[in-house]
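Here is a short tour for a first look. Keep the sequence and the model side by side as you read.

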2 protein chains.
Amino acid sequence: MELQLPYETNLKRYGRKTEALFHAIRDSIMSGRIPPGSRLPSTRALAGQYGLSRGTVNAVYDMLQAQGYVRTRPGSGTVAAGTGGHLHAAKRDVRGEAAMSRWGERIRALPDAAGDAAGPPDDSSGGRGAGGGTEVAGGASGAPAVIDFTPGRVALSHFPVKEWNRLLYAQVRNQYRLERADAHAAEGHRPLREAIARHLRRTRGIDAAPEDVFVTGGSHQALVLLIHLLLDPGEAAAVENPCYGGTVRAIRAAGGRVIPCPVDRSGLVTEALPASAKLIVVTPGRQFPTGAVMPLERRLALLDHAERHRCFVIEDDYDSEFRFRGRPVEPLKALDRTGRVAFVGTFSRTMMQDIRLGYAVVPPALADAFRKAKQLFEPHPAAVLEQRALAAFLNGGGYERHLRRMRRRYMKLCERFESLLAKRAGRALFVHPNDAGLYVYAEWKHSAASFPRFLAACARRRLLVRDLAGTYVENPKPALALGFAHLEEDEMEEGVSRLAGALEEALS
Amino acid sequence: MELQLPYETNLKRYGRKTEALFHAIRDSIMSGRIPPGSRLPSTRALAGQYGLSRGTVNAVYDMLQAQGYVRTRPGSGTVAAGTGGHLHAAKRDVRGEAAMSRWGERIRALPDAAGDAAGPPDDSSGGRGAGGGTEVAGGASGAPAVIDFTPGRVALSHFPVKEWNRLLYAQVRNQYRLERADAHAAEGHRPLREAIARHLRRTRGIDAAPEDVFVTGGSHQALVLLIHLLLDPGEAAAVENPCYGGTVRAIRAAGGRVIPCPVDRSGLVTEALPASAKLIVVTPGRQFPTGAVMPLERRLALLDHAERHRCFVIEDDYDSEFRFRGRPVEPLKALDRTGRVAFVGTFSRTMMQDIRLGYAVVPPALADAFRKAKQLFEPHPAAVLEQRALAAFLNGGGYERHLRRMRRRYMKLCERFESLLAKRAGRALFVHPNDAGLYVYAEWKHSAASFPRFLAACARRRLLVRDLAGTYVENPKPALALGFAHLEEDEMEEGVSRLAGALEEALS
C-alpha cells in the first residue's frame, strides 16, 4: 500500500522531517483517511516513498505508538488505533453556545469597557469615563493634526523619565537576586505597601498600617474586588449620578442594583442616599466627573448615614493628588472611626497610564477577605518590577518631588485653560471652577438637542472631546470633560479655537 | 484664651509648621477638645504663643475655614464649627464585623493560599501545591545550608539573563513612546497574543487565532475567571484527586461543589467522571502532582464525556513544555472539535517565577465573556513591560532556544536525580517515571503513620520537601514532590544524602 500523506504541507508547516511525517500520519488517522485497524506501510516502504531514512520513520512510528495513534502487534506490523469515531466527523462550527454561570451571563451582558482602540488615535482615557463616554473623531487625511482634549492622559514630557528608568533598570538588573522574595505577596511588595502607608499618612492624614494597604492592578481592580466582597445579587449600591462607568459595571457584575443619587456643587447629596443601600461608592475628593469637592459637613453626614444604616463606603480617590488650590480635604477614610470606609487610589494618573498600579486601604474587618480575594485572582504580585521601582521612587522622595512639580504645572495650565474657555466658549459652556485634577468639567448651556450638533462640529475640526452622557445612570445632561494635563499651551490654544468654531457652527 | 494644642507632636509628624498647626487645631476640634461654637484665639495671639508668623496662622485659619472646620463671622472672629457629634466619641475598636456578600463569605472561608512566607527560606512553589502542601524547615543557626527540594523554581542561573534584560531595557526606554497603544487591551498586548498563538500552533498543534488567546496575570487567574464564568453556586466541578489546590479554591470561591475523581498512571480516570459535573478541570499533559501523562484514548474519552454531558473542560497545561522524553502529547484543545475546551498555560515555569504571565486559549463562544471578565478585574494590561519584552523574546526565537537548552539540562538533571533517588531512597520512596516537568513525584512506600516521622527527620536535616497531603481532596496518600530544576548537581547529591538519612531514621 502506498500511503498518500499530507507530508509536504506538514513539512512546510513544521520545517523538520520527523515532525512533518508524524503530523501527516497522525492527521490521516484522526481524519479517518487511515481507517482504524488498517495496516501502515513498513518503515522501509515509507522511507523509500518519501526519501527519508528508516531511522526517521522508525522514530515517528515510535512516537505515534507512544501517544496511542498506532499499535504495533508482533507479526502484523503497525496498525492504526481506533479513535472511537470521535474525530471522524468533519470539523464543525465551534461557535456553540456555552452554558455560563449567572455571573458569567451578567458579565457577558456588560457593555464593552474598551474604547474603540482601533481608530487613531486610541482611546487613552485611563478608563475614566470609558463606560459609555463617546469620543468623536473625524476629518480626512491631510487635515490638520488632531487635538485631543479627552481626559486621563498626563504630561509625560514632564515626567522624570531618567530617574524612573534608572529605578526600573536597577530592578531589571536585580530581579534574579530578588526572585524568592515576594513569591506569594498577592497583597503587594511589602516595601511598597509601607511606602504607600507613609505617603498617605503624611499627605492625606490616613492612619493606615501597611497591612491594611493592598497593591492592586489599577484602582479599578480594588473597586471590583471590594464590590464583589460586599454586595450580593439583588442588593442595592448607591452611586453618584453621574459617576465612573466602571463602578456601575462592577456593581452589575456582582448582580447588585445600581441606585443613582444626585450630585450638586458639593458632590453627592447625602440626603438622597437610600436607606436600602448596602454600599455607597463615592468620589468625595473630586467628584467624577463634575469635579465637586465634598465639604466636611457632608462627609460627616455620609459617615453618619453609613453607620446608622450599617452600610459600607468605598471612597474612590481617583484624582485628587493634584490639588492646586486649597488644601487636600481630609478623606472619609481619615474621618472614619467605625471601619466602614475603604479608600482606593492609583498611580496611573499621577505618574503615567502604563503604571497599572493602584491600591486599596481596607478596614481591618475586611483585610483578610480582601487579601484572599486578591490571592484568588492573582496569587502572585503583578508588575513586580514596577512595584519595586515605585517603592524606591516613593522612599527616595522622587514621587513627591514629581507631584509638587506637576501640581505647579497643572495649576498654570488649568488657569490658562479656564480663562481661554471662558473667553472663547463661555457663551455655550459653563466650566465648573476646578481646584484639582487633570481635566475640567464643562456643562452645555444650550438645549440637549443642539449638543450632538456641537459634538459633530468638533469631530469635523479633528478635535477629540469626551461626551459625558455615558457617565449618567439616569437623566443625562449634556456635558464634556476636557483634559488639559497632557497638552502644551499652543495645542491648548489651537484646541480652544476649534472648540469656539464648533460651537459657533452648532448654535448658528 | 491660651489654647493648648498638640502642636509639637504634629510638628514632629509633619515636619512643616503650617501642616503641624493645621492638624493640631483640626484634631482638637474633631476630638471635642475645642468645643463647637467656641472661639479660637486671634491669629496674633496664636502666632505669639507658638512663635509663628501671623501669615502662617492666617494661612492655617484659611485652610480650616475652606474645609469647614471653622467659621469666620465678621466681628466675632474665628469659631470652631459643629461636627455633628460624629467624632467626639473616643476612637473605638474598628474591628467590627463587615457584612459580606455570599461570595465574600466564601472567600473569607478559603484557606490562605500563601505559604508561610515569613520563615526562611520563603515558599517559592509558584503556587503549585501551595494549597495545603507543607514545607518542613528546621535546624539551628550554624547548621548546614538548607537544601531546597520544594518544586516550582527554575534554574535561573541558566536563564538567558542578558538577552532578557536587553529586551526589558528596550521596553523601559520605549515605554513613553508606546504609552497610547494597549491602553485598553485587557486581553493582552496584541503582538504577544499573536506570538503565543504561533508558538502553540507550532509546538502544540493548537490552531488558535490571536483573538482566542488572552494574556492573564499567571495561569491561576485564567483558571479563576473561567471557573467563575462557568460555574454557579451548587453546581458540580470534577477535579483530579490529587490536584492543584488553587483549582479547588477557585471552585469553592465560585460556590461550586468539588467532585474528586481518581487518578491512575494514565491520569484522570475518565470512567469515574460524574455525569453531573458541569465542568472538568484536568492536567492531561502532566497530571499534577503525579506526573502521569494521559494517553490519546483517554483524552478522546474525556472529550466524548464532555460532549455527551454538555460540560466544559479546562485543560491546565501548567508544566509540560519541558518534555524531555517522548514527544508532547496532543493537547485536548487540539483534539477538541466542539469548542468545549479552554487551554491554560504559563510562562512562570518556563522562564522564571517573577514573570507573572499566563494565558488562556478559550473557545469562540466564551471569548467575549472572558474578555469582559478580564476587563472587569483588570481593564488595562498588567505588566506591560514584560508583555512587550516577551513578545520580542518569542518572535526573536529566544524563547524556543531557551526551552531547547533547558530541556536538555532538565533531562540530564532528572535522570541523575531519579538514579540517585532509586539508589539511596528506593526502599522508602517509589519515584514515578517522569518524562517532563521540573520535579518528581515520589510515593511513600511505608505506613502513613511513619510518614510524619520522615518529614520531621527531613526538617531536622534542613532539607525542604513538599508534602503533597494538601493536594488530595480526599483519601490522601503519603507522597512528596521533589523539585530538581533549580539545583546544581552537588546540591542534589547532598540533598539525596540527607533524604536517605531521614528515611533511615524514620524507619528505624
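## Helices across the sheet

This is a predicted model. In chain B, helix H9 (residues 245-253) lies across strand E6 (236-241), strand E7 (257-264) and strand E9 (277-282). H9(B) runs at about 155° to E7(B).

Helix H12 (residues 364-377) of chain B lies across E5, strand E10 (312-316) and E12 of chain B. Its angle to E5(B) is about 20°.

## The sheet itself

Strands of a sheet pair through backbone hydrogen bonds, either parallel or antiparallel. In chain B, 8 strands form an open sheet with mixed pairing. Their order is E5-E12-E11-E10-E9-E6-E7-E8. Strand E5 (213-216) and strand E8 (267-268) of chain B stand at the edges. Each has a single partner strand, so one side of each has no neighbour in the sheet.

E5(B) pairs with strand E12 (residues 358-361) of chain B in the antiparallel sense, over 4 bridges. Within this pair, Phe214(B) stands opposite Ala360(B) in E12(B).

## Two crossing helices

Helix H7 (residues 190-204) and helix H14 (residues 398-425) of chain B have axes that come within 12 Å and cross at roughly 40°. H7(B) and H14(B) are therefore oblique to each other. The crossing is right-handed.

His199(B), Arg202(B) and Thr203(B) in H7(B) meet Tyr399(B), Glu400(B) and Leu403(B) in H14(B). The residues of this contact divide into 2 nonpolar, 2 polar and 2 charged.

## A residue in chain A

Gln287(A) lies in the loop between strand E9 (277-282) and helix H10 (296-308) of chain A. Is Gln287(A) buried or exposed? At 0% relative accessibility, Gln287(A) counts as buried. Leaving aside neighbours within four places in sequence, Gln287(A) is in contact with residues including Glu240(A), Pro242(A) and Tyr439(A).

How values were computed: Residues are numbered from 1 along each chain as its sequence is written. Chains are lettered from A and ligands numbered from 1 in the order in which they are written. This is a predicted model: local features need pLDDT of at least 70, side-chain atom pairs count only at pLDDT 80 or more; totals for chains, interfaces and linings use all residues. Side-chain values use heavy atoms; hydrogens and water are left out. Buried means under 20% relative accessible area, exposed over 50%, partly exposed in between (1.4 Å probe, protein chains only). Contact means heavy atoms within 4.5 Å. Two strands pair if DSSP finds at least two bridges between them. Axes are lines fitted to C-alpha atoms, for helices over the stretch in contact, and angles run from 0 to 180 degrees between N-to-C directions. Angles under 35 degrees count as roughly parallel, over 145 as roughly antiparallel, 65 to 115 as roughly perpendicular and the rest as oblique. A crossing is left-handed if the near helix is turned anticlockwise from the far one by less than a right angle, and right-handed if clockwise. Ala, Val, Leu, Ile, Met, Phe, Trp, Tyr, Cys and Pro count as nonpolar, Asp, Glu, Lys and Arg as charged, and the others, Gly among them, as polar.
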